[in-house]
Amino acid sequence: MDKKTPLFDRHVALGARIEPFAGYLMPIQYSSVINEHLAVRRNAGIFDLSHMGEFRVKGPQAQSFLDMLLTNNVDVEPGKAFYSTMCYPDAGIVDDLIVYRISREEFLMVVNAANLEKDWAWVTSHAKGFDFRLTNESDEIALIAVQGPKAQAIASKFTETDLEVIPYYAHVSGKVAGVDALIARTGYTGEDGFEFYVAAGDAATVWDAVMADAPNSGIVPIGLGARDTLRLEVGYVLYGNDIDHTTTPLEAKLGWVVKLASGKDFIGREVLARQKEEGLGRNLVGLAVEGKGIIRHGTEVFSGDTRVGIVTSGTLAPALGTAVGLGYVSKAYAKTGTSLEAVIRGNRIPITIVKIPFYTKGSRR
Amino acid sequence: MSIVHENLRYTQTHEWVRREADGSVTMGLTDYAQHQMGEIVMVDNSGMGRDVRRGEPIGALEAVKTAEDFYAPVDGKVTAVNTQLEADPGLVNSDCYGAGWLARIAPASPAQYDELLTAEQYRKLAGE
């Protein structure tokens, strides 16, 4: 039985197309993926992301626990956030996540909904011997994001908190539409924007306040369809598509969240260190379609008769008007500018390896 | 509630089919299917002139999130494709039974048309 977010009835009333995603009935699109996408690029959109999972890690050894579990440096200042991967001993990825440091001894991990149960089992299985408390608050916390170049101007109408002073990947506690919220300048769109973590029971208050002002602000609700095209256009990976237990963060070009040089010990370190030393057989690249066609997850990539890679995500990029994708390509063919071919319905279509992000004009700070 | 026209025939794969006065059949995507797919952003309509068998893919529709083949509703020869879709694939959404038509086929035998789903049968298939 699929779960509903606290805003399910709002999505139905708005006429959204609802589909099961990661165990939740989620809005896929309200009007059109392209219109929603462009609204976020040009103005602002509001997202219900309450399906995401939240684990609270609190106690004297919260930091050392996360240090062992995560590939990134976890010792950031309270009020800051960081992106990280979490690996298996073989360096395959358990999940990618954002962690908010609430205080010296308290962190909030935000994980992918599709991985919620797996992550919880993984995290709890390593908790033994550490002095801290771990709670799964996924059902108690709702997440509403406001993203786009006008996000700050719009969100400021609903909070006394000075949003201007919150840097990218930082957060504060405050009130939004009168309810308690963790207000974070984070997102998954390449645009400036905020994420509001609120009690599940307060989600409708925030949503309704922002939507009531929509005729003035022009903000529109955004479904998971446009969420996916927005993230792909700026080259952000999606777990299950671009990364999973068979890929390592180094292969996925996420080496910047793998702190091998720091000397910290973490699960997967040994294999990642070896992989770094010996070099990668393949890595994630940006792909631009030169001919007609759209590359998709699973599209094969060739150089002449040699199969050299596979597409992991692909779409028409609404803000660019061209088809782009992410994929893994053998090292010898992975240089920017390399011309390759994708096989779309049996036809060879020219593609080129290009730099990520595809879309570079985002308002992200 | 999607639109199903009484005077058309339909396929299991969500194409509509109309018999023209000259005996050829015109086909397109149903309203139900265009709505399910979302915005069509590209049409691969390269089947022109091909001899096709019923159920064989003769082209493809690319939406933002998905791609779907479309299939010959009858045996025959593709005698026309809608070249307007090259520049304006969104016609499949905005006017699926009109300007958004996909292809025309000269049927090998007229009998296959009569085997296609009726509007009533299609409505049941689409769950409406």
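In chain A, six strands close into a barrel, in the order β15-β18-β17-β16-β19-β20, with antiparallel pairing. Strands here are DSSP runs of E with at least two residues, helices are runs of H or I with at least four, and both are numbered from the N terminus; two strands pair if DSSP finds at least two bridges between them. On average, neighbouring strands of this sheet are turned by 45° against each other, direction ignored.

This is a predicted model, in which local features need pLDDT of at least 70 and side-chain atom pairs count only at pLDDT 80 or more, while totals for chains, interfaces and linings use all residues. Residues are numbered from 1 along each chain as its sequence is written, and chains are lettered from A and ligands numbered from 1 in the order in which they are written.

One of the residues involved is A:R282, whose bridge partner in β18(A) is A:S330. Helix α8(A) packs on the sheet, where it touches β17(A) (306–317) and β18(A), and its direction makes about 125° with that of β17(A). Axes are lines fitted to C-alpha atoms, for helices over the stretch in contact, and angles run from 0 to 180 degrees between N-to-C directions.

Helix α8(A) (residues 224–233) also packs against α2(A) (residues 33–42), at an angle of about 55° and with the axes 8 Å apart. That makes α2(A) oblique to α8(A) (under 35 degrees is roughly parallel, over 145 roughly antiparallel, 65 to 115 roughly perpendicular and the rest oblique). On the α2(A) side, A:V33, A:E36, A:H37 and A:V40 meet A:G225, A:A226, A:T229 and A:L230 of α8(A); contact calls for C-beta atoms, placed from the backbone, within 7 Å. By class, this contact has four nonpolar, three polar and one charged residues. Ala, Val, Leu, Ile, Met, Phe, Trp, Tyr, Cys and Pro count as nonpolar, Asp, Glu, Lys and Arg as charged, and the others, Gly among them, as polar.

Turning to the other chain, 10 residues of chain B are in contact with 12 residues of chain A. On the chain B side, β4(B) (40–44) and β6(B) (57–63) each supply at least two residues, and β4(B) gives the most, with three. That side of chain B has five nonpolar, one polar and four charged residues.

Conventions:
Contact = placed C-beta atoms within 7 Å.
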